[in-house]
Amino acid sequence: MKEKRTSRPAEPLEAGADGIIEGRNAVIEALRTGTAIDKIYIAKGETDAALGHIASTARGRGVVVVEADRRKLDGMSRTHAHQGVIALAAVREYASVDDILNAAKEKGEPPLIVVCDELSDPHNLGAVIRTAECAGAHGVIIPKRRSAGLTAVVAKTSAGAVSHVPVARVPNLPALLDELKEEGVWVFGTAADGERLLYDADLKGPAAIVIGSEGDGMGRLVSEKCDFKVRIPMKGKLNSLNASAAAAILLYEAVRQRMG
C-alpha cells in the first residue's frame, strides 16, 4: 500500500459555489497555494507558454489535466473570460487506500468498500457516496481518469456525505483490486450475467463491491479481477439499474448479513 498522504486544509481559491476556478492567474495561484484541485481543463491545441506551465505544474502535483475544445470551456465558464484554462476545485482532499482500511480496523469491522469503475455522472457518484455513508461503508475508491471526482456537484448530491466517507482516487483499478486482495479483501463485481444472485454471496467478511459505469458496466480488466460476479434479480422489462441504485442494493444486503 502507498504511504499515507497528509491532508492540507487550504480552501479552494477564487472558486465559485460550483467549484470552478477560471483564468490563468487564478489557476496558477490555486496551484501555488496548494488548493485541492480535482481536474484542470486546458484548451486543445494551445501552445501558449503559460498554459504549458500550468499543465506541467499540475501534472507534477498529481492533478488530472484534460485537453478540451474551446466550446466545452465556453460552456463551463461563468465569467466568459477563462483564457483557455478552467480548474475544478475538489471539495476535500482525497484519502489513501490505507486510510480506508485503517477506518475499518479502528472500528473493529471487516472492511466494506465501494469501488466505482468509471462513474462519469457526478450525480450518480454523489448518490453512491451518500448510500455508502448511510450503510456504514468504510470508503469509496474511484479511478483517476474517466470518472467524476470530488466536485461541488458530487458534494451537493451526496448531501454532505463526502465529509464523512473517505474517498480514494487511484491511477489503476485492476492493480488496486490486486492490492485489496493481498489485504484479504474479497472482490464482488456487479454484472447482469453474474454467476450467482447477490443473496447467495457472502458479504459478511472483508468485501469490496465493484459498481460498473452507467453505460457499459465493469471494464474487462476490472471484471477479470473480481473473485465473484453477482447479479441483481430483474423482474421487469429493463435489464439494468442505475449505478447508485445497484450500489444501494448490494450495500444493504451486506448490512443485513452483517447484522445477522
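Which elements make a right-handed β-α-β unit? Select strand S2, helix H2 (residues 49-60) and strand S3, for together these make that unit; right-handed means that, with the strands pointing away from the viewer, the path from the first strand over the helix to the second runs clockwise. The names follow DSSP runs numbered from the N terminus, with helices being H or I runs of at least four residues and strands being E runs of at least two.

Before going on, note that this is a predicted model, in which local features need pLDDT of at least 70 and side-chain atom pairs count only at pLDDT 80 or more, while totals for chains, interfaces and linings use all residues. Residues are numbered from 1 along each chain as its sequence is written, and side-chain values use heavy atoms, with hydrogens and water left out.

Buried means under 20% relative accessible area, exposed over 50%, and partly exposed in between, with a 1.4 Å probe and protein chains only. Strands of a sheet pair through backbone hydrogen bonds, either parallel or antiparallel. Two strands count as paired if DSSP finds at least two bridges between them. Five bridges join S2 to strand S3 (residues 64-68) in the parallel sense, and five bridges join S2 to strand S4 (residues 85-89) in the antiparallel sense.

Now select S4, where five of the five residues are buried. Val85, Ala87 and Ala89 point one way from this strand, and Ile86 and Leu88 point the other way. Strand S1 (residues 20-22) pairs with S4 over three antiparallel bridges, and Ile20 stands opposite Leu88.

**Second stop: helices H1 and H2**

Angles are taken from 0 to 180 degrees between N-to-C directions. Contact means heavy atoms within 4.5 Å, and here Arg24, Val27, Ile28 and Leu31 in H1 meet Ala50, Leu51, Ile54, Thr57 and Ala58 in H2.

Next, select the open sheet of seven strands, whose order is S7-S6-S5-S10-S8-S11-S9, with parallel pairing. Its edge strands are S7 and S9 (196-197), each of which pairs on one side only. Within the sheet, Val114 stands opposite Val140 in S6.

Show helix H4 (residues 97-107) as well, and you will find that H4 lies across S5, S6 and S7, running at about 160 degrees to S6. The buried residues of H4 include Val97, Ile100 and Leu101, and just after this helix Gly108 takes a positive phi of about 70 degrees.

**Last stop: Ser147**

Finally, pick Ser147 in the loop between S6 and helix H6 (152-157). Is Ser147 buried or exposed? At 6% relative accessibility, Ser147 counts as buried. Leaving aside neighbours within four places in sequence, Ser147 is in contact with Lys39, Glu118, Leu119, Ser120 and Ile142.
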